[in-house]
4 protein chains.
Amino acid sequence: MKTSQTHTPHFRPHLARRVAAEFVGTALLVTVVVGSGIAAQQLSPRDVGLQLLENSIATALGLAVLILMLGPASGAHFNPVVSLVDWLIGRRTKTGLPTRDLAPYLLAQIGGSITGTLLAGIMFDTAPAFSTTVRASGGHLVGEVVATAGLVLLIFALAHTGKGHVTAAAVGVYIGAAYWFTSSTSFANPAVTIARMFTDTFAGIAPASVAPFILAQLLGGALGLGLLFVFYPAATHTARDVVVTHPVKAH
Amino acid sequence: MKTSQTHTPHFRPHLARRVAAEFVGTALLVTVVVGSGIAAQQLSPRDVGLQLLENSIATALGLAVLILMLGPASGAHFNPVVSLVDWLIGRRTKTGLPTRDLAPYLLAQIGGSITGTLLAGIMFDTAPAFSTTVRASGGHLVGEVVATAGLVLLIFALAHTGKGHVTAAAVGVYIGAAYWFTSSTSFANPAVTIARMFTDTFAGIAPASVAPFILAQLLGGALGLGLLFVFYPAATHTARDVVVTHPVKAH
Amino acid sequence: MKTSQTHTPHFRPHLARRVAAEFVGTALLVTVVVGSGIAAQQLSPRDVGLQLLENSIATALGLAVLILMLGPASGAHFNPVVSLVDWLIGRRTKTGLPTRDLAPYLLAQIGGSITGTLLAGIMFDTAPAFSTTVRASGGHLVGEVVATAGLVLLIFALAHTGKGHVTAAAVGVYIGAAYWFTSSTSFANPAVTIARMFTDTFAGIAPASVAPFILAQLLGGALGLGLLFVFYPAATHTARDVVVTHPVKAH
Amino acid sequence: MKTSQTHTPHFRPHLARRVAAEFVGTALLVTVVVGSGIAAQQLSPRDVGLQLLENSIATALGLAVLILMLGPASGAHFNPVVSLVDWLIGRRTKTGLPTRDLAPYLLAQIGGSITGTLLAGIMFDTAPAFSTTVRASGGHLVGEVVATAGLVLLIFALAHTGKGHVTAAAVGVYIGAAYWFTSSTSFANPAVTIARMFTDTFAGIAPASVAPFILAQLLGGALGLGLLFVFYPAATHTARDVVVTHPVKAH
C-alpha cells in the first residue's frame, strides 16, 4: 500500500475535468443564489425576511448537494478564497491545489459565476442589469470578514480532523446560518460577488460595493487561516487532502 | 467472494415486488407534492412564496424518506427519466435496470402518480379536475432542462463515487432547492408531470403544458448523462449499482 | 460470539428503565407538539399555514432528537401502534417487544402523553381544557390511515434493511412531511391523540374525534405491516431488532 | 494498544488552545443568536412568529457547525452547564474536564458570549444597551428547567451510547425545537444568558431576569443528570469522553 501511494501520492482527475467541474458547479451555485432570490422576491413581495428565509434555505440545500455532486471531481471549491487557502497550505505539504492550477480554477469560478447569473435571468425572464443595491457599509464589511473567516476555518478544520465526509452538509448549513447572522447576508465568495453585480434583483450587489466586499473576503480568509493554526496547529502537516477529499479512482 | 458474486452478480427482488414498490412510492411522492400543495394553498392564502416554502419543505422531506423506505426494494426511481438513464448505463455494463423491466417500471410510475393525485384529492376533499395552470413558457422549459439534468447528474455521480448511502437525503435536498432556483418549480419527472394534470390546485399543470415539460425533462436527462461522463468518465465502467444500492438479501 | 449471543439473545435494559424512558420520551414529544403549537398560534396569529410550518418543523426536529436520546434505553417507540407492531412481529421471531411488556409500554405512553400536555400548559400558562377542534371528517380519517401506514412501513423497513442508524432522523423527517401531505396533520399515534384532547389550543382534538382517529391509526398500522411484507417478505425472519436497535450494554 | 492508551489515557490539546476555542466558539454562537435575531426583527417586522422561525433556524444551523468545527479542539461545550456536568461526571471516572480547567472554561464562555453580542452589534450597527425584555415568569422558568435538562440528557446520552458523531447535528436540532416548545425560547446556557442582557433587540433579556434564568438552568442541568442515571445507570462508568469526543492527535 505504501508503494502504490508513492506512485500516486495525490491522485487528481485531469485539470480539464476539474476546471469544467468548477465552472459548472459555481455556475449552478450562482443559479441557486440568484434564481431563488428572484423567486422569493416575486412570490413573497410583502416580507423581506420571508424572502431571505426562502433564499437562504434554497442556497443551503443547493450548495450542499453541489459539493456532494462535484467534490470528487474538482474538490468543489467554487470559491477563489477556498482555492487560495488550499493552494497556500499545499505549498508546504505538497498537497492541496498545485500552483499551476490556481489561475484556471479562479477563472473557471468567475466565468461560471457570471454564467450562473445569466442562466437564472433566462429562467426567470429577467434581463441582465447592473445591480443598484449598495451594500458596502462598515457593518456589512465586518460581516464579510466574519463570514469568510468562519467558512475557511470550517472547511479546513473538518479536513484536518478527519470529517471530510460531512463537509458538503456542513458548508451548506454554515451558509444557511451566515445569511442571517451577518448583516451582509454572507457573500463570502469573490467569484459569486462579481457575478451578483450583473443582476438587479434580490441577490444583486452594486458594482461600487464589489471591491470592498472582495477585500473583506480576502481578509476574512486570512483570519480564518490564522484561527485554524490557533486551534489546530498541526493542520498543515497532517492534512493530506484539504477541503473535500478526492476519493474517486477515475482519470 | 468472487465466486459468490459470479452466482449472484446483481441480486434483485422479484419484479412484481419492485414494480409494487415503484407504484406505491411514486403514489406517495405525488400525494406529498399535491397534498402539501393543497394544504399550503388553503392555510397560507395571502403569500404564494410561503405556500411554495411549505410545499417545497414537505416535498424535500417526504421524497427523502420514500427513497430510504423503498430504495432496497426497487431502487426507488419513482421517475421515468431515472429509470431510462439507469437502463441506458446498464446496457453497457450489464448492470442497471434490465430492458424487460423498463416498461413495467414506467407504467408503475405513471399509474402510481395518478393514484397519488387521487389520494390527495380524497384526503383534502378536492374533486379531480384538469389543471388550468399554464406553465410552458420558455423560461420554465429551460428550468425543467436544468432541474432534470442536475437530478440525473446528482444521482449517478453519487452512485459512481461510492456515496449511495446519502442519495436519499441528497435527492430530497436537491428537489427542495430546485423548487426555488428554477422558474418552473422543478417538476423534473414525467410521471409526476402527467399526474399533476389531474388536479386544479397549487401543484397542478395545464394539459397543454405537459408534453413540452416532458420533452424538456428528457432533454435534461440526456444533458445530465453527458455531464456525468465529462466529470466522471469511468462512470459506466465502475458503477455496479447505479441510483440506489440494493443491499437487501430478500427474494 | 455465537455462545455469548445464546446467553444474551436479545439484551434489554430492565423493564422499569424502559418504561420510564417511554414515559419521559412520550411526555416530551407531546410537550413539543402542543407547546410549539401554542407558541405558533400566539406568535403568528394571522396565518394558519405559518403556524403549521412552525409547529411541523419543531415537531420534526424534536421527535428526531428524542428517538436518538432514548432509543438505546427503550427502543423509543413513544407510540402504541409501533409497540403493537413490534410485539406482533416479535411473536414469530422471539425478538421484538415481549408480551408481558406490552401493557406497561402502552400505559407509559398514554400517561406520558397526558403529562406532556399538562407540562406544555404550565410553560405557556394555558389551563387544561377539552379541545373543541372537531377533526373526524372522512378525509381526515383517510389521512390518519395513510400517515400511520407510512410510519410503520418506514420504521420496520429501515430496521429490516440495516438502516436503523438513520431511523431517528427519518422518523422526524417523515412526520415533518406528514403534517403537510395529510389533511389531518398526521397524528399517527393513539397515545398522542388521547393527550391532545386535553388542550384547547392549536394542536388539540375534540374528544368526539379521538375514537375514530385511533381506529384509523390501528387500521393504518395493519396496512403498513401488510405493505412491509409485500416489499420485504423476509422482514419477520431476518430482523432481530425492529424499530430502533438496542446497542447499549447497560442494565 | 493498551500500553499506548496507558501513556495517553485521555489526550487533550493544550489548555490555552482549548480556552481559545471555547472563547471563539461561544462568541460566534452568540453572534448567531443575537445577529440573526436583529436581522429577523428588521426584515420581518409584522410577524413575531416568523422572526422566531428565522432566528431558530439560523441558531440551529449555526450551533451545529460550530460544534463540528471546534469539537476536536475544546469539546465545544460553549455552555457552563455542560462544562459543569462534564467535570462532575469526570470526578468519578478521571475523564471529563479536569478541575483546574473548569474556571478557565467558564470565564472563556462568559467573555466569549459578551464579545459575540458586541460583534453582532457592530455588524448590524446596533449600540449595546441593556435589554428591556422581562422574561422571568413562572412558565418561562419551567421552560428553562425543561430545556436545560433535555440538553444535558441529550449530550451525555449520546456520549454514553457511542453516538458522539451525531452530537453536533443533534444539539443544533434540539435547540431549534426548544426555541418553540418552551415558552422561554430556550436559552439553556448561563453564559449566553448573561451576554444577551447587553442588547436591547429580539434576543435580549432584561438584567433582572438573568439570575432566575441561570438558577433554572442549573436546576435543569441537575435534573438532566439525574435522568441520565435513570436511563443509563452505567453512564459514569463506561463513558471515556463525555460531550464531544476529542479525536484529534494534535497538541
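**View 1. Residues 136-159 of chain A are 92% helix and 0% strand.** The end C-alpha atoms of this span are 32 Å apart. Helices (H or I, at least four residues) and strands (E, at least two) are DSSP runs, numbered from the N terminus. The model is predicted: local features need pLDDT of at least 70, side-chain atom pairs count only at pLDDT 80 or more, and totals for chains, interfaces and linings use all residues. Residues are numbered from 1 along each chain as its sequence is written, chains are lettered from A and ligands numbered from 1 in written order, and side-chain values use heavy atoms, without hydrogens and water.

**View 2. Residues 102-124 of chain A are 96% helix and 0% strand.** Here the end C-alpha atoms lie 33 Å apart. An unreviewed UniProt entry lists "transmembrane region" for chain A at residues 20-40, 60-90, 102-124, 136-159 and 202-232. Positions follow the numbering used here, feature names are shortened, and annotations may be inferred rather than shown by experiment.

View 3. The copies use different surfaces: 9% of the contact residues of chain D recur in chain A.

**View 4. At the interface of chains D and A, 35 residues of chain D are in contact with 36 residues of chain A (heavy atoms within 4.5 Å).** The buried area is about 2,900 Å² (accessible area, 1.4 Å probe, lost on being put together, summed over both). Carbon and sulfur atoms give 77% of that area. On the chain D side, α2 (15-43), α3 (48-74) and α5 (99-123) each give two or more residues. α3(D) gives the most, 13 residues.

**View 5. At the interface of chains B and C, 35 residues of chain B are in contact with 37 residues of chain C.** About 2,900 Å² is buried between chain B and chain C, 77% of it on carbon and sulfur atoms. The count of salt bridges is zero. On the chain B side, α2 (15-43), α3 (48-74) and α5 (99-123) each give two or more residues. The largest share, 13 residues, comes from α3(B).

Conventions
Buried area is the accessible area (1.4 Å probe) that two parts lose on being put together, summed over both. A salt bridge is a side-chain nitrogen of Lys or Arg within 4 Å of a carboxyl oxygen of Asp or Glu.
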